[in-house]
Amino acid sequence: MTVYRRIRQCLYNIFREGARKVLRLLSMWDNTFKQQYENAKPAEYLVRNCLTAYAYTAELTGLEDQHKGDLLVHDELANDSFYVEIKKDTIIGKTGNVFVELEIQRGSGTAQGWYHYDYTNLAVVDATPANSRQKSKPIYFIDFYKMKSELALDDKRCKRYQYRNEDGNKCTALLVPIRYIIARGWLKETFYYNADDWKQAQDDAKRKENET
């Protein structure tokens, strides 16, 4: 959950559900969050720049639209606009699976993972370290609405994965094979980026950070 979504959810609960739930949400701001937030920004610029190279236009979303996705994308050729949520995946290149976060267990309680959010599209960036034979790495565009509506969480072709992050929080995810995503028709398109693209995205994110 990004900082914008947490602020939005806290405000929602102030007006609709009272201060008790707000305090529980604020306790989720652990030490890992800031680092995760900062690490995510270059991936957003990477996907934005990549889409521009493929003749789309894309802009980072503001506070009011963060719950829909990180980017608002315009396809002028198809006269269409849609939101895309960016996920930086460090597992997919090693295992061939897309990491889908189901829940996070903290000392303050259990929080829903991003699987439960109403995203329409995902852009999954293969962020595993490149090797000398790789000149480019993929960005998978997934129809998350269709995938979520058709995917059973107890599907035997997927694997439950549990781990502890830097703060000791227990996280549960579902590893969904990219082959399965392709076979079921959930993959919409695949784009590619290289080391220069990633460096440019990092520079863009840093420049924006300095401006604000």
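Visitor: C171: buried or exposed?
Guide: Buried, because its relative accessibility is 2%. The cut-off for buried is under 20%. This is a predicted model.

Visitor: And C158, why does that one count as buried?
Guide: C158 has 10% relative accessibility, so it counts as buried.

Visitor: On to the strands. Which order do the four strands of the open sheet take?
Guide: The order is β5-β4-β9-β8, with antiparallel pairing. The edge strands are β5, residues 109-112, and β8, residues 159-164. Each of these pairs on one side only.

Visitor: By how many degrees are neighbouring strands turned there?
Guide: By 30 degrees on average, direction ignored.

Visitor: How many bridges between β4 and β9?
Guide: Eight, in the antiparallel sense. β4 covers residues 97-106 and β9 covers 170-177.

Visitor: What stands opposite E101 in β9?
Guide: A173.

Visitor: Now the six-strand sheet. What is the order there?
Guide: β1-β2-β3-β6-β7-β10, an open sheet with mixed pairing. β1 (57-60) and β10 (187-193) are at the edges.

Visitor: Why is one side of each edge strand left without a neighbour?
Guide: Because β1 and β10 each have a single partner strand in the sheet.

Visitor: What about the twist?
Guide: In that six-strand sheet, the twist averages 25 degrees from one strand to the next.

Visitor: β3 and β6: parallel or antiparallel?
Guide: Parallel, joined by five bridges. β3 spans residues 80-89 and β6 spans 121-126. K88 stands opposite V125 in β6.

Definitions and conventions:
Residues are numbered from 1 along each chain as its sequence is written. This is a predicted model: local features need pLDDT of at least 70, side-chain atom pairs count only at pLDDT 80 or more; totals for chains, interfaces and linings use all residues. Side-chain values use heavy atoms; hydrogens and water are left out. Buried means under 20% relative accessible area, exposed over 50%, partly exposed in between (1.4 Å probe, protein chains only). Two strands pair if DSSP finds at least two bridges between them. Helices (H or I, at least four residues) and strands (E, at least two) are DSSP runs, numbered from the N terminus. Axes are lines fitted to C-alpha atoms, for helices over the stretch in contact, and angles run from 0 to 180 degrees between N-to-C directions.
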